[in-house]
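Please read the sequence and the model side by side. The paragraphs below start from one residue and then work through other parts of the structure.

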Amino acid sequence: MSQSTLCISCSDLFEGVYRPLDEFIEHQYIQHNDWISGWYKEGWRIMLDNRSDAQQDPKLHLHRAVSGLSRSRHSCVLCAIIWEQLQILHATAGVDFGGDVFGVPLILPGRTSAWGLFVLAFLYVRQSEKNTILPIYRHELRGLQVVDMTTPSNIGTWPSGYNRCESLSRIENWLREDTPSRDVQLPQRLPTRLLHFVPPKDIETARGVRLVETSGLDRSTRYAALSHRWGNKMPLRLLEKNIKEFSHGIHWGDIPKTFRDAIELASSLDIHYLWIDSLCIIQDSKEDWEAEAALMGSIYLGAYVTISASAADDSSTGTMPESMLRYPCHVTPTWTGFEDFEELTKPLRVVDRASFCYQVLLQPLFKRGWVFQEWILSRKTIHCARDQLWWSSNLDAKGFAFNETCNGYQFEVLQMPGAIQTMSLSELYSMKSDGLHRTRLSPRMVWVHVVEDYMTRHFTFESDRLIALAGIATVYQHFSGAPDDSYLAGLWRHSLLQDLLWTTQQGRQVCPPQFYRGPSWSWASVEPIHYPDPRFSLGYIPEIENVRGHWVAAIEHTQVDTNTGSRFGPPLDAHIVLRGPLIKAYLSAQMVDVSLPFFDDPSKAAEFFPGGIPRYVTSSLSFFRHTSQSGPLAEAEAESQDGIESRIFLDDTFPSFCSSEPIVVYLAILGLGNKGEGYALILVRGYNKGEYRRIGYVNLLEEKMYPWNSRRNFGVLHPSEYLQAGDKAGFYLYRIV
């Protein structure tokens, strides 16, 4: 039964004797506590030491010391799976096993849709001086599924062995299959430069690599594109001074290992050209970088395949570290104690349903902003992960992927602390420009998912955030059927009023941003702080039409000027002109310091407070009427947290205007809900007449809006506060920059 990929301890797990857990609780072999009792009532069975007398003197089987798993994971696939799960448990729940802690195997028999034939768990214990087992933690190996390998469909899905040559053959066949997204209207041209490589002449000769200009190549030339992290180690770079040298040849020994591995993989797939940003863009030329960055979307969309260095920390790491996780965990149990479950004696395979998430989607590479565009635009991607090669296309459902020991499976995409939001690429590519959308989502909600996912990604330079979205915006426009002039600095004209109500509960890292990145009305103007649990919302409210509400503002004019001439480029200057209700108000924002005696570790404050600073901002709004009677008509107070009846969301976590004195603001009411509640932008005056800048968003409930809803009377603004008076009381024409 035992496989060469399993250690003796893990082989014993499927050959041992199991007894109901409640027997050990009743005879006090295990110290009782509440969560243990919940387990034995469910029918768990615990493994005995086969050297003890199961009737007279039963002893529990101790699988391995937790400290020993760090060594055994290099020679046993199941130990590697358990170790991975414990690392995630430590990172997400803070569970730490110190000292001599052992795992006792438990099995919960019975087929379920999520777990398969049984559930595998470990009871982590210490042994007391009186030989009583002291339970410390119970751990169900979540994400594992036990598959019946006598079923034909499972046999076809889960190959019995690992073979790199066979894997490369499968990938070649997969690459030949057409992907129905080749009609995207991006510039059909090759990158300006590519790396060309030829096989070595003999075993002692290094592979020849040189930089080539593509102007002389056929437009149908196949090339691969590399998606990678620069990390903390500067990679080999193309500079003005070495262009000529690289065009004659790049010494194989000078090429970093990650790049060499990518070249070898491409060559094994009969691809002889590779695009790598650091070697195909002149890194000390601002003009060349800007020109090539504008074409980045077409580079990845036009690539025959993208090679993603998911496991590489930088260019020197290499793409394929050795790991036992690449081997399948196939076993045929010969255990006792499950005679009432005949299917538990069949050949089976232990599958980690979350492995695509762990090995690819949760890796540092996928948290990078530029990589988000590369991933979405790449028709097909080969992920060089820590365990093995994975591959997927942009039309696959969320989580669907192949790997070297799997012929296609819907892997689970987890949502956990530390996980980025992950949209389904098929949402974007299932839209049709003829209006017959194959996705269940509206075009607007597809873009909402794009932006909410994108805002969880990191940039070395936040000024790149709109630049790195240009290719995705082009693809979205093509598939959604949006008009050519409808893209507005990260938003779209057809849903502009709705999307102006974006919120970011993370705020900015700097106030204001050091450099202009976009108009204040665009989400691109903020610099998000990245927490373990990222939160960004584009359009906080539901579709107003769906709640029988209505828009009260109208768009009069929009203008976005870019520095590239392309409407998708970074904006130099932008504004919108709206016509609608504009209400003068007073905003108070006070910073409250929080004492930290309730934190064992002050560093834990980062989990609760922006940037780890133990303070928060409490905000309140007051409305005043310009009459002989002074005083507030209505007041909306909020502390920017759930459960408050009127919610204020300031774009800045720690506003520069925090003080005891209120400041004058203006509420631009954009829409009303079916109960009369208002959805408004919080604005401050700009430099010019009728000009404003956004600083936040507020949702005002019906009672706060009653004076305006009933009498349209919150006072009259001074002519300097608007561009033009509207045709209704309280309505004005105004500009937001």
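In which helix is Q373 found? Q373 is found in helix α14, which covers residues 369–377. Helices here are DSSP runs of H or I with at least four residues, strands are runs of E with at least two, and the numbering starts from the N terminus. This is a predicted model, in which local features need pLDDT of at least 70 and side-chain atom pairs count only at pLDDT 80 or more, while totals for chains, interfaces and linings use all residues. Residues are numbered from 1 along each chain as its sequence is written, and side-chain values use heavy atoms, with hydrogens and water left out.

Q373 counts as buried because its relative accessibility is 2%. Buried means under 20% relative accessible area, exposed means over 50%, and partly exposed is in between, with a 1.4 Å probe and protein chains only. When neighbours within four places in sequence are left aside, Q373 is in contact (heavy atoms within 4.5 Å) with M296, G297, A468, L469, A470, G471 and I472.

Now take the protein as a whole. There are 19 helices and 32 strands. Of the 737 residues, 57% are buried. The protein exposes about 32200 Å², and carbon and sulfur atoms supply 48% of that area; accessible areas come from the Shrake-Rupley method with a 1.4 Å probe, and for residues only the protein chains shown count as cover. Among contacts between residues at least 6 apart in sequence, 69% join residues at least 24 apart.

One of the sheets is open and has nine strands, in the order β8-β7-β10-β9-β11-β14-β15-β16-β17, with mixed pairing. Two strands pair if DSSP finds at least two bridges between them. The edge strands are β8 (208–213) and β17 (406–410), each of which pairs on one side only. From one strand to the next the twist averages 30°, where axes are lines fitted to C-alpha atoms, for helices over the stretch in contact, and angles run from 0 to 180 degrees between N-to-C directions. Strands of a sheet pair through backbone hydrogen bonds, either parallel or antiparallel.

Strand β13 (residues 348–352) is another place to look. Why is β13 largely enclosed by the rest of the structure? Five of its five residues are buried, so β13 counts as largely enclosed. In a regular strand the side chains alternate between the two faces of the sheet. In β13, L348, V350 and D352 point one way and R349 and V351 the other way, and all are buried. Strand β6 (residues 144–148) pairs with β13 in the antiparallel sense over five bridges, and the bridge partner of Q145 in β13 is V351. Strand β12 (residues 329–331) also runs antiparallel to β13, joined by three bridges; here V331 has L348 as its partner.

S355 has its place in helix α13 (residues 355–361). A polar atom of the S355 side chain lies 2.9 Å from the backbone oxygen of D352. S355 is buried, with a relative accessible area of 10%. Apart from neighbours within four places in sequence, S355 is in contact with V360, W390 and F411.

Two more residues have partners elsewhere in the sequence. E172 lies in helix α7 (residues 164–176) and counts as partly exposed, at 24% relative accessibility. E172 touches S268, L269 and D270, not counting residues up to four places away in sequence. E172 and D270 are 98 residues apart in sequence, and their C-alpha atoms are 8.6 Å apart in space. L123, in strand β4 (residues 116–127), is buried at 0% relative accessibility. From L123 to E140 there are 17 residues in sequence and 8.7 Å in space, C-alpha to C-alpha.

C79 is in no disulfide, and the nearest cysteine sulfur, that of C10, is 3.6 Å away. C79 is buried, with a relative accessible area of 0%. C406 is buried too, with a relative accessible area of 0%.

How values were computed:
Polar contact = N/O pair within 3.5 Å; in protein donor to acceptor, adjacent residues only side chain to side chain. Disulfide = S-S within 2.5 Å.
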